[in-house]
Amino acid sequence: MIECPFYIVDVFAERKYAGNQLAVFRNAGDLTDDEMQQIAREMNFSETTFILSDQPRDGGYDVRIFTPVAEVPFAGHPTLGTAFVIRREIIGKDVEQVNLNLKLKPIPVTFGQEAGRDILWMKQKSPDFGDTTDPASMADLLGLDPDQIETRFPIQAVSTGLWFAIVPLKDLDAVRRARVNRDKYFAASRQEHEDGILVFCPETYDERNDLNVRVFVPSYGIEEDPATGSGNGCLAGYLVRHRYFGETRIDARVEQGCEIGRPSLIRLKAERQQDAIDVNVGGRVVPVAEGRFL
């Protein structure tokens with residue numbers, strides 16, 4: 001095994017030990033695919049990233065992303081967390097933008113200030129919209145009563161890189177009760193749940209926030225994710241397309257992870273631009289630890 005320094009950061013976190021954990025490995029270009037997957041399984045976070053070299057290529061840094069069971073072409077909190085590590089540990093100065101060369105496409109991450117603290121923003125690709133799902137079928141999959149689903153809006157598959165079934169619920173009670181039936185999940189066609197399931201409602205624990213969200217991704221070994229930048233990017237596109245707030249432009253605060261003890265805050269900005277929707281997802285990153293695999 002090649003020696004690689006690594007860092008642990010909490011993403012979409014307002015403080016340490018909140019948000020979504022991420023392990024970031026540097027100088028990982030000599031690791032094999034199997035070694036990267038083994039390390040990601042050993043870390044057992046939602047995702048682990050590998051910066052292949054400290055040297056940029058084509059204006060960006062080559063990065064690969066692994067869940068405990070598979071590589072993915074894109075994910076939100078790994079993108080922000082890895083950009084944070086690149087600026088702090090590799091570039092070593094306060095640049096305004098870091099570009100990541102991901103398998104999906106190059107993704108720019110910009111650094112700003114809000115209330116005297118850094119906030120990172122990623123511009124995701126314009127969302128694609130897929131099929132809708134029958135509310136009764138989704139309610140059965142989630143262990144909910146059909147009347148707990150908000151049927152004024154569709155259950156629809158959306159992707160900004162990974163596909164999520166976006167499920168509008170009526171209130172926090174419904175969100176808290178949601179549980180994925182694994183047997184039904186894996187027996188269902190992929191079309192019903194895509195890569196994951198995102199449930200949301202307009203009732204929140206913190207009155208400053210606009211939506212409460214939970215995300216389930218059993219197909220990638222993630223029973224529940226504490227903060228999901230890719231899924232919330234899909235949600236941002238969904239909110240604009242269906243005018244959930246009555247407008248084709250949003251600037252929203254989303255809480256996630258509250259039900260599993262990892263409170264997270266995700267910022268969403270999205271706006272319809274002719275035939276596309278601009279999607280930007282933001283949040284804070286907090287460094288937690290660093291070390292070296294032997």
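I take buried to mean under 20% relative accessible area. I note at the start that this is a predicted model.

**Entry 1: Phe66**

**Entry 2: ring pairs**

I then turned to the aromatic rings. How many aromatic pairs does the structure hold? I find eight.

I opened Phe25 and Phe50. Their rings are stacked, with 5.3 Å centre to centre and 20 degrees between the planes. This pair joins distant parts of the chain, because Phe25 lies in strand β2 (residues 20–25) and Phe50 in strand β3 (residues 47–51), 25 residues apart.

Are these two residues buried or exposed? Phe25 has 0% relative accessibility and so counts as buried. Phe50 also has a relative accessible area of 0%, so I list Phe50 as buried.

**Entry 3: back to Phe66**

I checked the ring of Phe50 against that of Phe66. They form an edge-to-face pair, at 5.7 Å centre to centre and 85 degrees between the planes. Here too the pair links distant parts of the chain: Phe50 is in strand β3 and Phe66 is in strand β4 (residues 61–66), 16 residues apart.

**Entry 4: a cluster**

Which residues do ring pairs link into a cluster? I wrote down Phe153, Phe200, Tyr238, Tyr244 and Phe245.

**Entry 5: a charge over a ring**

Last, I looked at Arg241. Its charged end sits over the ring of Phe129, and I noted 4.3 Å from the ring centre.

Key: Residues numbered from 1 in each chain as written. Predicted model: local features only at pLDDT ≥ 70, side-chain atom pairs only at ≥ 80, totals over all residues. Heavy atoms only, no water. Phe/Tyr/Trp six-rings, centres within 6.5 Å; stacked < 30°, edge-to-face > 60°. Helix = DSSP H or I, 4+ residues; strand = E, 2+ residues; numbered from the N terminus. Buried < 20%, exposed > 50% of the residue type's maximum accessible area, 1.4 Å probe, protein only. Lys NZ or Arg CZ within 6 Å of the ring centre and 35° of its normal.
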